[in-house]
Amino acid sequence: MAFNISYNFISIDKFTKTSEKINRSVEKLNTKIKRANQSFKSFGTNFTTKVSLPFAAFGAIALKNAADVESFEVRLGVLLKSTEKAKMLIGDLTEFTAKTPFLLFFVINTASQLLAFGFEANKIPNILKVLGDVSAGTGSRLSEIGLIFGQISAAGKLTGERFLQLAERGVPIARSLSKITKLNEKDIPEAISKGLIKFALVEQAFRNLTKEGEIFFNATQKQSVTLGGLFSTLKDNIFLSLASIGQTLVETFDLKDKIQSLINGIASLTEKFNMFVKNNPKLTKFLFLITEIVVVLGY
């Protein structure tokens, strides 16, 4: 009997030790699994943070830029009554912008102003070159100079108000007009008040101010190689590059059709929901009541 008891104790002891080893092995395995899970979660978080989110942001910006360029084309297309002409003009404006310190957005705005004032599309790039030199030379906004120039064109002559606006911005229009008309510079205001300074004279005065040897000659080009000008050019290049990528994404994934389908789906779902509520007011009220109870109870 003693032998059997001893043998049983030995067996139990061996079993206990084996169980303990198994438990330790299981614990080690659990620890490794937890570490693996943590590593996987960490990898997932890092992947999302370092790859997925930046890529999504990059794609969103690219699509936004593509949408902006398309908006420019539509705006100019309305003014020119031709999408093809609008695309050609944007190409010219993009080329102009690449050599100047001006951002494409402001160049297109100024071009839109000039078109609205009746300037022909094929003349816009040359006019912008002149206005750009005046703007860069005076430190005034291109859109401001363009607006004043367009208003003079619309009036057909230089008025006292526009003359003062140009003078306030540092444009020596009186001196330039004096050289053209052979009038004394101090007599220019009187000639303006009599309506003698027609738009053609003002346009010539602007061009003369930007000729070689004159005050605003190549002012745009000089500004474009400054640090500020280079930053502007870099910003435009990034904008256009992303816009090109965005357009490729739109075409590759057929995003316009997919977005339109989503819009139609939402409209259809809204209509069906409204019809359901209209046809089943009591059931709808009951369902909403159940939903509120579930929310309150925290299920």
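## Close-up views of a predicted model

**View 1. Helix H4 gives the largest share of the lining of the largest cavity, three residues.** The model is predicted. Helix H4 spans residues 124-138. H4 and H9 each supply at least two residues of this lining.

**View 2. The largest cavity holds about 30 Å³ of space.** How many cavities of 30 Å³ or more are counted? The count is one. Rolling a probe the size of a water molecule over the atoms shows where empty space is left.

**View 3. Helix H7 crosses helix H9 at roughly 110°.** H7 covers residues 173-181, and H9 covers residues 199-209. Their axes come within 9 Å. Two packed helices are described by the angle between their axes and the distance between the axes.

**View 4. Side by side, the residues of H7 and H9 that meet.** From H7 come Ile173, Ser176, Leu177, Ile180 and Thr181. They meet Leu201, Val202, Gln204, Ala205, Phe206, Asn208 and Leu209 in H9. What is the make-up of the contact of H7 with H9? Eight of its residues are nonpolar and four are polar. None is charged.

Conventions
Residues numbered from 1 in each chain as written. Predicted model: local features only at pLDDT ≥ 70, side-chain atom pairs only at ≥ 80, totals over all residues. Heavy atoms only, no water. Axes fitted to C-alpha atoms, helices over the stretch in contact; angles between N-to-C directions. Helix = DSSP H or I, 4+ residues; strand = E, 2+ residues; numbered from the N terminus. Contact = heavy atoms within 4.5 Å. Nonpolar A, V, L, I, M, F, W, Y, C, P; charged D, E, K, R; others polar. 1 Å grid on protein atoms, 1.4 Å probe; cavity = no way out; pocket = protein on both sides within 12 Å on 5 of 7 lines; lining within 4 Å. Points joined across faces, edges and corners; volume = space filled by probe spheres on them.
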